[in-house]
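Here is a colleague's note on the entry below. Please read it with the coordinates open.

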Amino acid sequence: MNVESFLKQRLVCVAVIDKVDDAVPLAQALIAGGLNCIEVTFRTAGAAESIARIRKALPAAVVGAGTLLTAENVKAAVDAGAQFGVSPGLSEAVSQAAHEKKFPLFPGVITPTEIMTALELGWKHLKFFPSETFGGVNALKALIGPFGHTGVKFIPTGGITAATLPNYIAIPQVAAVGGSWMAERKLVAEKDWAKITALTSEAMKVIAAVPTK
Ligand code: 3PG
């Protein structure tokens with residue numbers, strides 16, 4: 001599968017999983033809501049194990065590894081079977097490790113200079129983070145002015161909700177939107193799978209209402 005097919009549903013659920021036993025039920029709850037794409041963040045000790053478990057139990061799921069801050073994180077993500085990686089920022093060490101492993105990476109950017117550096121490093125799908133704090137849709141549209149023709153695609157993430165989702169999805173250079181609102185850490189800890197499915201299904205309906213570009 002290529003990057004475009006990973007992001008085909010135009011939504012990435014960013015998850016923080018505290019207990020590895022919650023990983024598969026969480027991914028199942030998302031799939032029940034119509035979303036197969038989950039990014040498991042390397043913020044908890046069980047991140048790699050959670051990725052491995054989801055990959056084994058649910059072949060239909062597309063599983064990314066998030067919060068990749070070091071080359072070691074990249075290696076652990078690849079070893080766990082992650083299909084793509086996400087980083088909050090742009091690190092040459094992370095970039096190099098991903099290239100060495102032929103591992104698709106969505107590095108984080110927020111400024112024109114970072115976008116230029118990410119393009120120079122060979123990455124085309126960039127996480128725009130933290131989006132809402134740094135101007136959201138308006139900032140992204142301003143950046144698309146000088147960069148739209150380069151073929152760059154953005155995955156805005158950070159503070160996005162079902163209410164702001166349509167404004168992002170309508171932008172042609174937005175490949176997908178990332179967010180945790182449909183599977184907040186608290187909902188996962190409470191094992192509220194029904195609520196997670198309902199929020200996911202709501203988000204998928206919002207996306208379906210915006211035509212593909
Ligand atoms: C991330 O790392 O991508 C963010 O934690 C997700 O942002 P959100 O929690 O504001 O949706």
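1. Basis. This is a predicted model, in which local features need pLDDT of at least 70, side-chain atom pairs count only at pLDDT 80 or more, and totals for chains, interfaces and linings use all residues. Residues are numbered from 1 along each chain as its sequence is written, and side-chain values use heavy atoms, with hydrogens and water left out.

2. Salt bridge count. A salt bridge here is a side-chain nitrogen of Lys or Arg within 4 Å of a carboxyl oxygen of Asp or Glu. The count is 6. Helices (H or I, at least four residues) and strands (E, at least two) are DSSP runs, numbered from the N terminus.

3. Arg185 and Asp18. Their side chains form a salt bridge at 2.8 Å, N to O. Arg185 sits in helix 9 (residues 185-189) and Asp18 in the loop between strand 1 (11-15) and helix 2 (23-32), so the pair ties together parts 167 residues apart in sequence. Buried means under 20% relative accessible area, exposed over 50%, and partly exposed in between (1.4 Å probe, protein chains only). Arg185 is partly exposed at 42%. Asp18 is partly exposed too, at 44%.

4. Arg53 and Asp21. The closest N and O atoms of this salt bridge are 2.7 Å apart. Arg53 belongs to helix 3 (residues 47-57) and Asp21 to the loop between strand 1 and helix 2, so parts 32 residues apart in sequence are tied together. Arg53 is partly exposed at 31%, while Asp21 is exposed at 56%. A network of salt bridges links Asp21, Glu49 and Arg53.

5. Lys191 and Asp22. Here the closest N and O atoms of the salt bridge lie 2.4 Å apart. The pair links distant parts of the chain, 169 residues apart: Lys191 is in the loop between helix 9 and helix 10 (193-208), Asp22 in the loop between strand 1 and helix 2. Lys191 is partly exposed at 43%. Asp22 is buried at 3%.

6. An open sheet holds 3 strands in the order 6-7-8, with parallel pairing. Strand 6 (108-109) and strand 8 (153-156) are the edges, each with a single partner strand, so one side of each has no neighbour in the sheet. Two strands pair if DSSP finds at least two bridges between them. Strand 6 and strand 7 (residues 125-128) are joined by 2 bridges. Gly108 stands opposite Lys127 in strand 7.
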